[in-house]
Amino acid sequence: DLSARLSSPGTIYWLGTDELGRDILSRLLYGARTTLLIILLVAAISAPIGVILGCAAGYVGGWLDVVLMRTTDVFLAFPRLILALALAAALGPGLENAILAIALTSWPVYARVARAEALLIRNNNYISVAKLQGASSWRIIWVYVMPICANSTVVRVTLDMAGIILTAAGLGFLGLGAKP
């Protein structure tokens, strides 16, 4: 709509229009689709992996805890962007590979949070009762430990969204992420 070009924000165009009369809000929402897709897929891949590994490490303990937490330490030793860059370069350019690379570098923080929650509750009375009733370790983790981790996982995902956006933007800038 060339008659509405460069309009200021108002009731019809909430963010105004550009030099060709296009609504800036609709263009912003249309452009955000890729970013929101990346955030949702990375969170859907990395959070469950991290929570499962962290709950298993915290509840079972022993050698499993040592192995999983040392693996987590290796991933946390490198900056996430550098590690995602290396993985995306190895996998090849493209949105799917960038999402996978970011997800594979994002799970350690969720594992640490879930492990801390599991360590807090593994000696509670209701866990002991479940053991006495014959529940396996994996059933206890799935039914009793993982729901406790849900609140802190949601908070961690929310806080991690900005980092996911920055990592995806960095990979896109280097030609390894979403194509223009």
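The largest nonpolar core of this predicted model has 20 residues. Six of them touch the most other members: Val51, Cys55, Tyr59, Ile140, Ile141 and Val145. In soluble globular proteins, nonpolar side chains tend to be buried together.

Take Tyr59 as a way in. Which residues does Tyr59 contact, leaving aside neighbours within four places in sequence? The list is Ala118, Arg122, Ile127, Lys131, Ser137, Ile140, Ile141 and Val145. Among them, Ile140, Ile141 and Val145 also belong to the group that touches the most other core members.

There is also a second, separate core. This one has 14 residues, including Ile38, Ile39, Ala84 and Ala103.

Now follow α6. This helix has 37 residues. A straight helix would reach 54 Å at 1.5 Å a residue, but the end C-alpha atoms of α6 are only 45 Å apart. Where does α6 bend? The bend is at Met146, by about 45°. A proline, Pro147, follows within four residues. After α6 comes Gly175, whose phi is positive, near 85°.

Last, turn to α2, the helix that holds Asp65. Is Asp65 buried or exposed? Asp65 counts as buried because its relative accessible area is 13%, and buried means under 20%. Not counting residues up to four places away in sequence, Asp65 touches Ala57 and Arg115.

Technical notes:
Residues numbered from 1 in each chain as written. Predicted model: local features only at pLDDT ≥ 70, side-chain atom pairs only at ≥ 80, totals over all residues. Heavy atoms only, no water. Core = buried A, V, L, I, M, F, W, Y, C linked by side-chain atoms within 4.5 Å. Buried < 20%, exposed > 50% of the residue type's maximum accessible area, 1.4 Å probe, protein only. Contact = heavy atoms within 4.5 Å. Helix = DSSP H or I, 4+ residues; strand = E, 2+ residues; numbered from the N terminus. Expected span 1.5 Å × (residues − 1). Bend = angle between axes of the 7 residues up to and from the residue.
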